[in-house]
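Subject: Structure handover and findings

Hi,

Here is the structure I promised to pass on. Please open it alongside this note, which goes through what turned up.

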Amino acid sequence: VVEQVEARVEATRREVVEARRAVAVARVEETRREEIPARVAEPPRRRERPVARAVARAAARVERREETREERREGSDIDRLLKEGRKLVARGRYKKAVDPLEKVVAASPTAEAHYLLGEAYFELSKEGPALEQLEKATSMGTRRGKAFMMLGSLYSSAGKKTKARGAFEQYLKVDPRGKFAADAKAMLGQN
């Protein structure tokens, strides 16, 4: 893998060198043309087009490669932050989990990121932000029963009985034999 990366870096360096050479050649030709009297000089369009195209193509290739590398770095950073947030939530370190998860949600919102951030806020008793994140997670299609259970609890404490009932019912649909099934049934009066 290291050899492949080194080979790619070397190839990119060669292309940059080629692009710089092409630019230098174009500048030299342009300077020569300026020195030759106008009546003797060749029409500039015929000579400039191939050189300009080659320079433009080489520059575009280098730029595309740089953008791709940057996108990969960003993607790996987001994945790393999501993984870190996931671990912190699993360990019950909710306060530390908030920062990386907020960065993930800002950069690349997913149902899982919203769910994890909502759970962290829920456990930190930040009801408003927890409700917002959990609603986003459920609207994006999360299949985690706990998200619906936390939503039901938040709606219930806010006095939104109809929404709470819907969340508890959704929990039972998603995870009918889950850890909180008895609690959800009790909240629905189905005990």
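How many of the 13 residues of helix 4 are buried? The count is 10, so helix 4 is mostly covered. Buried here means under 20% relative accessible area, exposed means over 50%, and partly exposed is in between (1.4 Å probe, protein chains only).

Some ground rules. This is a predicted model, in which local features need pLDDT of at least 70 and side-chain atom pairs count only at pLDDT 80 or more, while totals for chains, interfaces and linings use all residues. Residues are numbered from 1 along each chain as its sequence is written, and side-chain values use heavy atoms, with hydrogens and water left out.

**Overall**

The chain has 8 helices and 0 strands. Its pattern along the sequence is α-α-α-α-α-α-α-α. Both element types are DSSP runs numbered from the N terminus: helices are H or I with at least four residues, strands are E with at least two.

Of the 191 residues in the chain, 31% are buried. The accessible surface of the chain is about 13,000 Å². Carbon and sulfur atoms account for 49% of that surface. Areas come from the Shrake-Rupley method with a 1.4 Å probe; for residues, only the protein chains shown count as cover.

Take the contacts between residues at least 6 apart in sequence: 41% of them join residues at least 24 apart. Contact means heavy atoms within 4.5 Å.

**Helix 4 and Glu119**

Helix 4 covers residues 111-123. Its end C-alpha atoms are 18 Å apart, which agrees with the 18 Å that 13 residues should span at 1.5 Å a residue. The expected span is 1.5 Å times one less than the number of residues. The buried residues of helix 4 include His114, Tyr115, Glu119 and Tyr121. Just after helix 4, Ser125 has a positive phi of about 60°.

Glu119 deserves a look. Its relative accessible area is 6%, so Glu119 counts as buried. Leaving out residues up to four places away in sequence, Glu119 touches Val89, Tyr94, Leu134, Lys146 and Met150.

The side chains of Glu119 and Lys146 form a salt bridge at 2.7 Å, N to O. This pair links distant parts of the chain: Glu119 sits in helix 4 and Lys146 in helix 6 (residues 145-157), 27 residues apart. Lys146 is partly exposed at 26%. A salt bridge is a side-chain nitrogen of Lys or Arg within 4 Å of a carboxyl oxygen of Asp or Glu.

The two side chains are also joined by a polar contact of 2.7 Å. That term means a pair of N or O atoms within 3.5 Å; within protein, one must be able to donate a hydrogen and the other to accept it, and residues adjacent in sequence count only if both atoms are side-chain atoms.

**Other salt bridges**

The whole structure holds 9 salt bridges.

- Glu10 and Arg13 meet at 3.8 Å, N to O. They are 3 residues apart in helix 1 (residues 2-35), so about one helical turn separates them. Glu10 is partly exposed at 34%, and Arg13 is exposed at 53%.
- Glu10, Arg13 and Arg14 are linked in a network of salt bridges.
- Glu84 and Arg80 meet at 3.8 Å, N to O. Both lie in helix 2 (residues 44-90), 4 residues apart, about one turn of the helix. Glu84 is partly exposed at 35%, as is Arg80 at 46%.

**Helix 5**

Helix 5 (residues 127-139) has 13 residues and reaches 18 Å from its first C-alpha to its last, close to the 18 Å expected. Its buried residues are Ala130, Leu131, Gln133, Leu134 and Ala137. Their cover includes helix 3 (94-107), helix 4 and helix 6. Just after helix 5, Gly141 takes a positive phi of about 100°.

**Aromatics**

There is 1 aromatic pair in the structure. The ring centres of Tyr171 and Phe180 are 6.5 Å apart and the planes are at 65°, so the pair is edge-to-face. Rings of Phe, Tyr and Trp (its six-membered ring) pair if their centres lie within 6.5 Å; planes under 30 degrees apart are stacked, over 60 edge-to-face, and the rest tilted. Tyr171 is buried at 1%, whereas Phe180 is partly exposed at 23%.

Best regards
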